[in-house]
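Subject: Structure for you to look at

Hello,

Here is the structure I said I would pass on.

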Amino acid sequence: MALTLYNYFRSSASYRVRIALALKGLSYEYAPVHLLKNEQLAPPFADIAPGKLVPLLKDGDQLLTQSLAIIEYLDETHPQPPLLPGEPAARARIRGLALDIACEIHPLNNLRVLRYLVHDMKLAEDDKNRWYRHWVETGLEVVEKQLAGSSATGRFCHGDAPTLADIVLVPQIFNARRMDCRLDHVPNVMRVYDECMALEAFNGTQPSACPDAS
Ligand SMILES: N[C@@H](CCC(=O)N[C@@H](CS)C(=O)NCC(=O)O)C(=O)O
């Protein structure tokens, strides 16, 4: 079935799905949605995306939202290589690490939240950036503690092959760097990031490699 990914080069949630598609070896049509031009808020995209957020994956007649749900769908429909491998406890650890970023960091720094802080709450640009860095830096510390404190950590967040946890971690580091966040306090996170970026599935799908990169 033909796959179309509606996404934006700089969107970290979109980057997660691009990595998963690449790890699975799946080709897809790249449909850009320019977030800074507000294309997510207007038709035609807004007509098919209830949350007005990217990414959105179209698989035939199916429209799928939410990056983690999309990635689990891809993992269930194309099981190799597994992105949630192992026993229930291992899978829970992988999901836990992914959610520490996807639920505890990313939503606080989403474009619409930042716009609300500036336009509605009248926060100065510097204060908005402080907000951003605070949630990234403290949130990544939570991941760091788990990577440092578990024998389940391997070359990657869990074991020696990339999983859902790595797929969510890497795009968050791109955001962190773009916003000049501190990263020297998370050495295990950065070691795993470097391992991932040595792989084509992560490197070849990064924001600057996208067709809509500007
Ligand atoms: N939880 C969602 C988050 C999606 C999301 O926040 N997407 C951002 C880009 S990373 C977006 O479309 N923002 C548009 C906006 O804030 O108006 C997911 O994982 O797919």
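Is Cys196 buried or exposed? Cys196 counts as buried, because its relative accessibility is 0%; buried means under 20% relative accessible area, exposed over 50% and partly exposed in between, with a 1.4 Å probe and protein chains only.

Before the rest, the ground rules. This is a predicted model, in which local features need pLDDT of at least 70 and side-chain atom pairs count only at pLDDT 80 or more, while totals for chains, interfaces and linings use all residues. Residues are numbered from 1 along each chain as its sequence is written, and side-chain values use heavy atoms, with hydrogens and water left out.

Cysteines

The whole structure was searched for disulfides (pairs of cysteine sulfur atoms within 2.5 Å), and 0 were found. Cys196 is in no disulfide, and the nearest cysteine sulfur, that of Cys157, is 6.6 Å away. For Cys103 the closest cysteine sulfur is also in Cys157, but at 16 Å, which is too far for a bond. Cys103 counts as partly exposed because its relative accessibility is 44%.

Ligand

The ligand is surrounded by 15 residues, the closest being Gln40, Val54, Gln66, Ser67 and Asn110; a residue is taken as near if one of its heavy atoms lies within 4 Å of the molecule. Three of these approaches can be described atom by atom:

- Gln40: an N or O atom of the side chain is 2.8 Å from an oxygen atom of the ligand.
- Val54: a backbone N or O atom is 2.7 Å from a nitrogen atom of the ligand.
- Gln66: a polar side-chain atom is 2.7 Å from a nitrogen atom of the ligand.

The ligand taken alone exposes 510 Å², and the protein buries 90% of that (areas by the Shrake-Rupley method with a 1.4 Å probe). Helices α1 (12-23) and α5 (111-120) are the elements that give two or more residues to the shell around the ligand. Of these, α1 gives the most, with 3 residues. Helices (H or I, at least four residues) and strands (E, at least two) are DSSP runs, numbered from the N terminus.

Asn7

Asn7 lies in strand β1, residues 3-7. Asn7 counts as buried because its relative accessibility is 0%. The side chains of Asn7 and Tyr30 are joined by a polar contact of 3.5 Å. A polar contact is a pair of N or O atoms within 3.5 Å; within protein, one must be able to donate a hydrogen and the other to accept it, and residues adjacent in sequence count only if both atoms are side-chain atoms.

Regards
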